[in-house]
Amino acid sequence: MAHRIAVIGAPSLIGREILRCLAETSLAGAEMVALAAGRAAGAEISWGEKAVLKTRDVARFDFAGTTIAIFACDAKLAAVEVPRAAAAGAMAIDLSGHFHLEPDVPLVVAGVNDAALAKAQKRRIIACPLPASLILAMVLKPLHEAAGIRRVVAATYQPASGAGKEGMDELWSQTRGIFVNDNPEAQYFTKQIAFNVIPHIDRFMADGATREEWALGVETRKLLGPDIQVAASCVRVPVMLGLGMALNIAFDRPINERDAREVLRKSPGISLLDRRDDGGYASPAEIVGEDMVYVSRIRRDATLPEGLSLWAVGDDVRLGAALNAARIAEAVARG
């Protein structure tokens, strides 16, 4: 069966990466449609080695005959267009976050909870988690299966790419401006991002947490189990690409550093780089474009009988968003 795949938000940072990831899968021969809203329609985007797609207006697009629709757009647009695509018979894969907590919409990380895909048949919508939640789930799943996780304290260090092209442009322009004595002006971010860190991602909630911090806990429980407690602090850092996180994990059963390393070493999608010497760990700049989560600095928490601390990094755009969507699309196409 020939597949027709639509990527909504194709001109965006994540949309373009989704197309690159799809071109590397068994869906490379599918009919591909690039869609966007407003002025983004009309942009030309590379597909595969030679083809060029001209972006069409999603509001005028008829989803009939479309097998899979991948939404790399904002939540406002997804709220309108995802149900329309699903009603036309497409399986909608949504990265906007609009549907991620609805009980009858599966939240899926390929390789972590693939069985949840079966729940998508009713509404024909599959949600992808935040990049931070995806990277966290990939690290926690094998450890949770080995020793049971009770609580996680997570500090995430999130790059400008998490705010899209606008965020990356602001980091670049501010950094360049500082070197020529220009006063950096915050336009997209709430404060200067160049040579600074901002403890604020997404809007603040009534309890003082940001929505990103709240969602990290809620999505982790939906992906891995309702009993895992997550305390998160999410920080924007002056890095273009690559998301890092420092984790402190409390387990239900004893697990030592050696056993944790062995569990992670055998886990799909995890690369262990954990030497106790200068440079014996992974950093965001080194893992851009990679398909793995890199785990380093595994060590015992002296304050907890069953506790470990570790460091993890992953490419937030490719691994944390685009590759997951492409792998889910491949699974849907296989049936």
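Residues are numbered from 1 along each chain as its sequence is written, and side-chain values use heavy atoms, with hydrogens and water left out. Because the model is predicted, local features need pLDDT of at least 70 and side-chain atom pairs count only at pLDDT 80 or more, whereas totals for chains, interfaces and linings use all residues.

When neighbours within four places in sequence are set aside, Ile93 is in contact (heavy atoms within 4.5 Å) with Ile68, Ala69, Ile70, Phe71, Ile126, Cys128, Ala325, Ile328 and Ala329.

Helix α3 packs with helix α8 (residues 318-334) at an angle of about 90°, the axes being 8 Å apart. Axes are lines fitted to C-alpha atoms, for helices over the stretch in contact, and angles run from 0 to 180 degrees between N-to-C directions. The two helices are therefore roughly perpendicular (65 to 115 degrees; under 35 counts as roughly parallel, over 145 as roughly antiparallel and the rest as oblique). Pro131, Leu134 and Met138 of α3 form the contact with Leu319, Gly320 and Asn324 of α8. By class, these residues are four nonpolar, two polar and no charged (Ala, Val, Leu, Ile, Met, Phe, Trp, Tyr, Cys and Pro count as nonpolar, Asp, Glu, Lys and Arg as charged, and the others, Gly among them, as polar).

With helix α6 (residues 257-265), the axis of α3 crosses at roughly 125° and comes within 9 Å, an arrangement that makes α3 oblique to α6. Val139, Pro142, Leu143 and Ala146 of α3 meet Ala260, Val263 and Leu264 of α6. This contact consists of seven nonpolar, no polar and no charged residues.

The packing of α3 with helix α5 (residues 211-224) has an angle of about 40° and an axis separation of 10 Å; α3 and α5 are therefore oblique to each other. On the α3 side, Ala132, Ser133, Leu136, Ala137, Leu140, Lys141 and His144 take part, and they meet Glu212, Ala215, Leu216, Glu219, Thr220, Leu223 and Leu224 of α5. The contact divides into eight nonpolar, three polar and three charged residues.

Among individual residues, Met32 lies in strand β2 (residues 31-36) and, at 9% relative accessibility, is buried. Not counting residues up to four places away in sequence, Met32 touches Ile5, Val7, Leu19, Leu22, Trp47 and Leu53. Asp202, in the loop between α4 (164-179) and α5, has a phi near 70°, a positive value in a residue other than glycine; at 40% relative accessibility, Asp202 is partly exposed. Arg297, located in strand β13 (residues 293-300), likewise has a positive phi, near 55°, and is partly exposed at 44% relative accessibility.

Conventions: Helix = DSSP H or I, 4+ residues; strand = E, 2+ residues; numbered from the N terminus. Buried < 20%, exposed > 50% of the residue type's maximum accessible area, 1.4 Å probe, protein only.
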